[in-house]
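Please look at the sequence and the structure first, then read the points below.

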Amino acid sequence: MTATERAIELATAAAQAAADIKATSVTAIDVSERLMITDIFLVISGSSDRQVRAIVDSVDEAMIAAGQKRVRREGYDPSPHWVLVDYDAVVVHVLQDEDREFYALEKLWGDCPVVDLGVDVEGDGPSTLDRLLAGGDAE
């Protein structure tokens, strides 16, 4: 079993919304074979509280435009270091860069395939995912 087309469509919309707000990194992980509650974890990085909030708001708008309501959101207030937003088929994790490196969700879910959404995020140097998968520190 792999992620549904609808989940990939929603993850792509969310990833593009994050890229438009200059997210520092975006990775989609197909967790459909490991979890029954969702198909894709979308892991997104931002550099500050303000940017994390802006990314979450932008993703929320994109999901509403795609016809998907938010099921639940946690971590948005008071200081958003890690915001989890559940859209049923897609669960979006928006973390500040340091928190993403510390929790290393890509390593935790390393046995799950990464989904190429075709969304480019402009950043300096290798992505967090590339650094983690290379076995080095995320720094």
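Helices (H or I, at least four residues) and strands (E, at least two) are DSSP runs, numbered from the N terminus. From the N terminus on, the elements of the protein chain follow the order α-β-β-α-β-β-β-α-α-β-α, and the chain holds five helices and six strands. The model is predicted: local features need pLDDT of at least 70, side-chain atom pairs count only at pLDDT 80 or more, and totals for chains, interfaces and linings use all residues. Residues are numbered from 1 along each chain as its sequence is written, and side-chain values use heavy atoms, with hydrogens and water left out.

**Chain totals**

- Of the 139 residues in the protein chain, 47% are buried, where buried means under 20% relative accessible area, exposed over 50%, and partly exposed in between (1.4 Å probe, protein chains only).
- A contact means heavy atoms within 4.5 Å. Among contacts in the protein chain between residues at least 6 apart in sequence, 62% join residues at least 24 apart.

**The sheet**

- Strands of a sheet pair through backbone hydrogen bonds, either parallel or antiparallel. Here two strands count as paired if DSSP finds at least two bridges between them.
- The six strands form an open sheet with mixed pairing, in the order β3-β4-β5-β2-β1-β6. Its edge strands are β3 (72-74) and β6 (114-115), each of which pairs on one side only.
- Strands β3 and β4 (residues 82-86) run antiparallel and are joined by three bridges. R72 stands opposite D86 in β4.
- Strands β1 and β2 also run antiparallel, with six bridges between them. V26 stands opposite I44 in β2.
- A28 stands opposite V115 in β6.
- Five of the six residues of β1 are buried, so that the strand is mostly covered, by the definition of buried as under 20% relative accessible area.

**Helices against the sheet**

- Angles run from 0 to 180 degrees between N-to-C directions, and axes are lines fitted to C-alpha atoms, for helices over the stretch in contact.
- Helix α1 (residues 5-20) lies across β1 (25-30), β2 (40-46), β5 (90-96) and β6, and runs at about 5° to β2.
- Helix α2 (residues 49-65) packs on the sheet and touches β2, β3, β4 and β5; its direction makes about 160° with that of β5.
- The 17 residues of α2 reach 24 Å from the first C-alpha to the last, close to the 24 Å expected at 1.5 Å a residue. The expected span is 1.5 Å times one less than the number of residues in the helix.
- Buried residues of α2 include V52, I55, V56, V59, A62 and M63. Among the elements covering the buried residues of α2 are α1 and β3.
- After α2 comes G67, which has a positive phi near 85°.

**Nonpolar cores**

- A nonpolar core is a set of buried Ala, Val, Leu, Ile, Met, Phe, Trp, Tyr and Cys residues joined through side-chain atoms within 4.5 Å.
- The largest such core has 31 residues, and those with the most contacts inside it are L42, I44, V59, V90, V92 and L117. At least two residues of this core come from each of α1, β2, α2, β4 and β5. Helix α1 gives the most, with eight residues.
- Leaving aside neighbours within four places in sequence, V90 is in contact with A7, L10, A11, T38, I40, L42, M63 and V85.
- A second, separate core has nine residues, including L95, L105, W109 and C112.

**Aromatic pairs**

- Rings of Phe, Tyr and Trp (its six-membered ring) pair if their centres lie within 6.5 Å; planes under 30 degrees apart count as stacked, over 60 as edge-to-face and the rest as tilted. By this rule there are three aromatic pairs.
- F41 and W109 form an edge-to-face pair, 5.3 Å centre to centre with 90° between the planes. F41 is in strand β2 and W109 in the loop between α4 (105-108) and β6, so the pair ties together parts 68 residues apart in sequence. Both F41 and W109 are buried.
- The rings of F102 and Y103 are edge-to-face because their centres are 4.9 Å apart and their planes stand at 90°.
- F102 is exposed, with a relative accessible area of 65%, while Y103 counts as partly exposed at 42% relative accessibility.
- W82, F102 and Y103 are linked into a cluster by ring pairs.
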